[in-house]
Amino acid sequence: MQRTFTHLTIGFMMCLTACGGRSASSEGAATPPPPPEPPPEHVPPPVEPDPVAKPEDVGVVILAKVGFQTPESVVHDPTQDVYFVSNINGSPTDKDDNGFISKITPSGEITLKFIDGADAAVQLNAPKGLAVAGGVLYVTDIDRVRMFDAKTGTPRGDIVIPGATFVNDIAAGPDGSLYVTDSGFKPDFSASGTDAVFKITSGALRKLTTEKDLGHPNGVLPDAGGTWIVTFGSGELYWVSDKGKRESAQKVGGQNDGVVRLKDGRVCVSSWETSSVHCGSPGGSFIEVVTGVASPADIGYDEGRNRLLIPLFSKDEVILHDLPAQGEAGEADSGT
Ligand SMILES: [Ca+2]
Ligand SMILES: [Ca+2]
């Protein structure tokens, strides 16, 4: 495995130097800090023709071959102005305690194992959804939500979700409560029947809806009174109110994973089926704003920079993808 710290930029070169993040080895053993890496190399884009960039793009940075292992989610912590990346490292359902959380600065400097399951004090199996609220980094992990100090990475306990099989995304709502999905998968990805949307308020867990077939809910985007959900199974976007009512369902993409809201109000959904990020308004049409991104998992959004944060689950890469400024937005694509 190549250990070079590689910075691939397409389009406008925006990642500067100083990308001296540690490129720690992938197999997450309890290793001492690795010896200093050779100087970072800037290499031209290799043969891989990912057509993620378009001339209209302000900037696209691909963080590749830096040690990510099955990255599932990227979230922006606006307080510290850093991005966190969850790395499942292995199967999404294995309790192997080798998961880790990376920390990235907006210019691309990486602390690969900011939080590491290999540390004796840290339990992390298959970290997926991430949320930052009140100085706490929330991390979903198969059947629970783990909490860490967002500044230091120190563990702060966990919230068990009884019976859950595949706890996936998490996000904080405007009232400070947390919304969490269980995608309802067994290790072989057959249905476990535990599909659910939960709301956690002051540590108390409540199942929002008792409906059986929720289409394998994945990404969550809370708003006042409930949350938008995107589904991996049925390829939908729908709203679940705090009263448990499911409404406003529509098809978007397919095999949907993450969902964020842009500062211009549009909602963006990542789709494995189309290898794209689709943006639009619920109830209206959606267009592909970013294309050619294979296995785009739980996307994040840096509002200040109007930047999508896209983990490529199967490629061990993270893309920092600036969007066109407001007013000239969105039509950068044929929208097939
Ligand atoms: Ca793991
Ligand atoms: Ca997800």
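This is a predicted model: local features need pLDDT of at least 70, side-chain atom pairs count only at pLDDT 80 or more; totals for chains, interfaces and linings use all residues.
Of the 336 residues in the chain, 58% are buried, and among contacts with a separation of 6 or more, 49% are accounted for by residues 24 or more positions apart.

Distant parts of the chain are linked by two of them, since Asn 168 belongs to strand β11 (residues 167–172) and Asn 218 to strand β15 (residues 217–223), 50 residues apart. Asn 168 has a relative accessible area of 3% and is therefore buried, and Asn 218, with a relative accessibility of 3%, likewise counts as buried.

A search of the whole structure for aromatic pairs returns eight. One of these is formed by Phe 185 and Phe 232, whose arrangement is edge-to-face, with 6.3 Å from centre to centre and 90 degrees between the planes. Phe 185 is placed in the loop between β12 (178–182) and β13 (196–201), whereas Phe 232 is placed in the loop between β16 (226–231) and β17 (236–241), so that the pair ties together parts lying 47 residues apart in sequence. Phe 185 and Phe 232 are both buried, at a relative accessible area that must by this criterion be under 20%. The two residues also belong to one aromatic cluster, which is formed by Phe 166, Phe 185, Phe 189, Phe 232, Trp 272 and Phe 313.

Charged side chains are also found over aromatic rings. Lys 113 lies over the face of Phe 100, at 4.8 Å from the ring centre, while Arg 246 lies over the face of Tyr 238, at 4.7 Å from the ring centre.

Note on methods: Residues are numbered from 1 along each chain as its sequence is written. Chains are lettered from A and ligands numbered from 1 in the order in which they are written. Side-chain values use heavy atoms; hydrogens and water are left out. Rings of Phe, Tyr and Trp (its six-membered ring) pair if their centres lie within 6.5 Å; planes under 30 degrees apart count as stacked, over 60 as edge-to-face and the rest as tilted. Helices (H or I, at least four residues) and strands (E, at least two) are DSSP runs, numbered from the N terminus. Buried means under 20% relative accessible area, exposed over 50%, partly exposed in between (1.4 Å probe, protein chains only). A charge sits over a ring if NZ of Lys or CZ of Arg is within 6 Å of the ring centre and within 35 degrees of the ring normal. Contact means heavy atoms within 4.5 Å.
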